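Thanks for coming. I will take one structure and go through some of its contacts and its surface.

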Amino acid sequence: MKSSLPKHVRKGVGAYLFLLPHLFFFALFVAAPLIYGMIMSFHDWRLLGEPRFLGLENFVRVWKDSRFWDTVKNTVIFAVISVPTTVALGIMLALILNQKMYGKLWPLVAFVSPAFFGSIGILFSWDWILGSQPAALANYYLQKIGLINDPMSWFKSATLAWTWIIIITAWWIVGFSVLLYIGALQRIPPEQYEAAKIDGAGPWKRFVNVTLPWIRNVMFFDVARHVLLAFGLFDQVYILTAGGPAGSTRTMVYYLYLVGFERQQLGRAAAISWYIFMIVIIFGLIQLALLTQSVRSAEVE
């Protein structure tokens, strides 16, 4: 039986039917929690008792909360240091592993594999290595070889704690960046490097004038990815430092957890989540503007 609907309408209905499963899960796991979180943010909402409408009071309290702005500062500083560090490390490792050399599969697996392990196994392993007790791995062997006399506390100061958080984070997540950059490097025509050599360009000039332009778009994607990961920093702080010493390693998401789950102030935690959302949106728009400018300049060239 021939359908009475026009052909373009039938095509449109078919497309929406294909989209329906995605739209269902998007509505269930993204749109509905967003709307629910917005409703919660206007209430004094606790696990026990009836919610009480407060209007914008939660947002005002968070705005005036100096501890929240300390966590914003901590998160931004972490992002400013860890993102360039991880991106530069990823490019450097990709350049090394892209060379023709014997046995490069082993270091490739060693650097890439941690990125595919979950946070619990990775971070509890580091917690065991860097524990302050004498039997912790680092303290035990450093005492054995005589480099230290007493067990060290590896997270005893804010500087030391952040240094270890950044080192562990970079080691953990750099593997995926390495894969991205190796893929980008292998798309560069060898003639580009040969022409640069004939023109007398050294290794640094070849990197700046040949390699960087070819991996630029991948690099912007990688930076955007690391910025989003940096603003969502939680697991490392929760497992390794618990926000210490003296709250110096608290991040925005960790503070949201403290307010929502330990103090049971779910309405205020929802307001904090909206502040985090707005901050991430601002950084995302900046990234998008830079990426668009980069792509346009590449098209002009």
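Helix 3, residues 66-97, packs against helix 9, residues 203-231, at an angle of about 140°, and their axes are 9 Å apart. That angle makes helix 3 oblique to helix 9; oblique is what remains once angles under 35 degrees count as roughly parallel, over 145 as roughly antiparallel and 65 to 115 as roughly perpendicular. Helices here are DSSP runs of H or I, at least four residues, numbered from the N terminus.

This is a predicted model, where local features need pLDDT of at least 70 and side-chain atom pairs count only at pLDDT 80 or more, while totals for chains, interfaces and linings use all residues. Residues are numbered from 1 along each chain, and side-chain values use heavy atoms, leaving out hydrogens and water.

Next, salt bridges. A salt bridge is a side-chain nitrogen of Lys or Arg within 4 Å of a carboxyl oxygen of Asp or Glu, and the count comes to 5. In one of them, D65 pairs with R268, the closest N and O atoms being 2.7 Å apart. D65 is in the loop between helix 2 and helix 3, and R268 is in helix 12, 203 residues apart. Are these two buried or exposed? D65 is buried at 8% relative accessible area, and R268 is buried at 5%; buried means under 20%, exposed over 50%, partly exposed in between, with a 1.4 Å probe and protein chains only.

Within helix 9, R225 and D222 lie 3 residues apart, about one turn of the helix. Their side chains form a salt bridge at 3.2 Å, N to O, and both residues are buried.

How values were computed:
Axes fitted to C-alpha atoms, helices over the stretch in contact; angles between N-to-C directions. Helix = DSSP H or I, 4+ residues; strand = E, 2+ residues; numbered from the N terminus.
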